Amino acid sequence: MLNVLNFKCDGLRKYLEENKFRGFKANQIIDWIYNKKVFDFNEMTNLSNVERKQFNDILKIELPLIEKVQKSKDGTVKFLLKLVDGNLIECVFMMYEYGNTICISTQVGCAMGCKFCASTVNGFLRNLELCELMGQILVVEKYTRKKINRIVLMGTGEPLYNYENVVTFIHEMKSKMGMSNRHITLSTCGIVPKIYDLAKEDLNINLAISLHAVSDDKRKTIMPIANKYSIDQLIEACLDYFDKTKRRISFEYLLINGINDGEDDAKSLVSLCKRSKAHVNLIPVNEINENDFKESKRLKEFYNYLLDSGVNATMRQKKGVDIDAACGQLRLSYSK
Ligand code: SAH
């Protein structure tokens, strides 16, 4: 039986027509699921009883199940979701002045091996399917009873290594839920050829690059992907993305004590930002048990240096610190 959540809009219409239903039934089902958050054909009151039964015979609406919910004092809600095959993923709901934001996972586990990150500790298992990407949004909107205005693909996994499903997901978010692409941010550790591909997709989403170090040598010590693509190659790809989409790039820069928070680092980061017209999002590293990285003691100095040098920089507001809300920590603590 096919899961409705794996269909694109036009695909569902075609499938229903092939099964002798009228095509507009697809719009009705999509409206129930994506706008009204009704996930049971029997509750779709503009379908006849006969249609409800027929749809139940050929289709299912299968969402990830909520395994665990953690609520922070600041309104952040972290979800541990169980997929049909029993695998666990995380997503996080956050409230900001500019709207409700969800951070979603794109893979089960991660193969990238970044030394500071909890998502990668148990390696990579598989890509998430369209229904599982969509499912995170639907489950969270239903649970919180709040409309999500912004999506960041910044949870577990490398979105550009689940390229096709992620691109389809972004298209479908627009057609099914009216989500503006300007409100979607994809974060990548820097898969250079895929950045060029993404620029050609006519999606115009925001691109965030997990930079975290400003020399190739230093980057290699914390991010294995740096052995494959140099910072120069990455910057070229970012400039191409900016050129084609006119969307400004942002660099994510974790501040780790004694590793990348020195004066030289700040200086090189300034010239890199000027060269690539990028904005910087400084992030105090979340300390996890699996490594010895500690939060930088120079957060303020580093931040002020960037601002004084004319770089457009922000310091990420910490959300959900009381609930292990960072990057794979909940899933990891659950799998022990
Ligand atoms: N693979 C993608 C998306 C997932 S990581 C990428 O690399 O961008 C999302 C963001 O969380 C990245 O910027 C990543 O570097 C950051 N991150 C990972 N571990 C962290 C930690 N311990 N503390 C703070 N941020 C972390």
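Student: Which residues do ring pairs link into a cluster?
Tutor: Phe21, Phe41 and Phe55 are the ones linked that way. Keep in mind that this is a predicted model.
Student: How many aromatic pairs does a search of the whole structure find?
Tutor: The search finds six. One of them joins Phe79 and Tyr143 edge-to-face, with 5.2 Å centre to centre and 90° between the planes. Phe79 sits in strand S4 and Tyr143 in helix H4, so this pair ties together parts 64 residues apart in sequence.
Student: And is Phe79 buried or exposed?
Tutor: Phe79 is buried, at 0% relative accessibility. Tyr143 is partly exposed, with a relative accessible area of 35%.
Student: What about Tyr253 and Phe302, how are their rings arranged?
Tutor: Their planes are at 20° and the centres are 5.5 Å apart, so the pair counts as stacked. Tyr253 belongs to strand S12 and Phe302 to helix H10, so parts 49 residues apart in sequence are tied together. Both Tyr253 and Phe302 are buried.
Student: Switching to helices. At what angle do the axes of H8 and H9 cross?
Tutor: Roughly 35°, and the axes come within 10 Å. From H8, Ile231, Asp232, Ile235 and Leu239 meet Leu272, Arg275 and Ser276 of H9. That contact has four nonpolar residues, one polar and two charged.
Student: Zooming out, how many helices and strands does the chain have?
Tutor: There are 11 helices and 14 strands. The radius of gyration is 21 Å, close to the 20 Å that the globule rule gives for 336 residues, so the chain is as compact as a globular protein of that length.
Student: What share of the residues counts as buried?
Tutor: 56% of the 336 residues.

Conventions
Residues are numbered from 1 along each chain as its sequence is written. This is a predicted model: local features need pLDDT of at least 70, side-chain atom pairs count only at pLDDT 80 or more; totals for chains, interfaces and linings use all residues. Side-chain values use heavy atoms; hydrogens and water are left out. Axes are lines fitted to C-alpha atoms, for helices over the stretch in contact, and angles run from 0 to 180 degrees between N-to-C directions. Helices (H or I, at least four residues) and strands (E, at least two) are DSSP runs, numbered from the N terminus. Contact means heavy atoms within 4.5 Å. Ala, Val, Leu, Ile, Met, Phe, Trp, Tyr, Cys and Pro count as nonpolar, Asp, Glu, Lys and Arg as charged, and the others, Gly among them, as polar. The radius of gyration is taken over C-alpha atoms; the globule rule is 2.2 Å times the number of residues to the power 0.38. Buried means under 20% relative accessible area, exposed over 50%, partly exposed in between (1.4 Å probe, protein chains only). Rings of Phe, Tyr and Trp (its six-membered ring) pair if their centres lie within 6.5 Å; planes under 30 degrees apart count as stacked, over 60 as edge-to-face and the rest as tilted.
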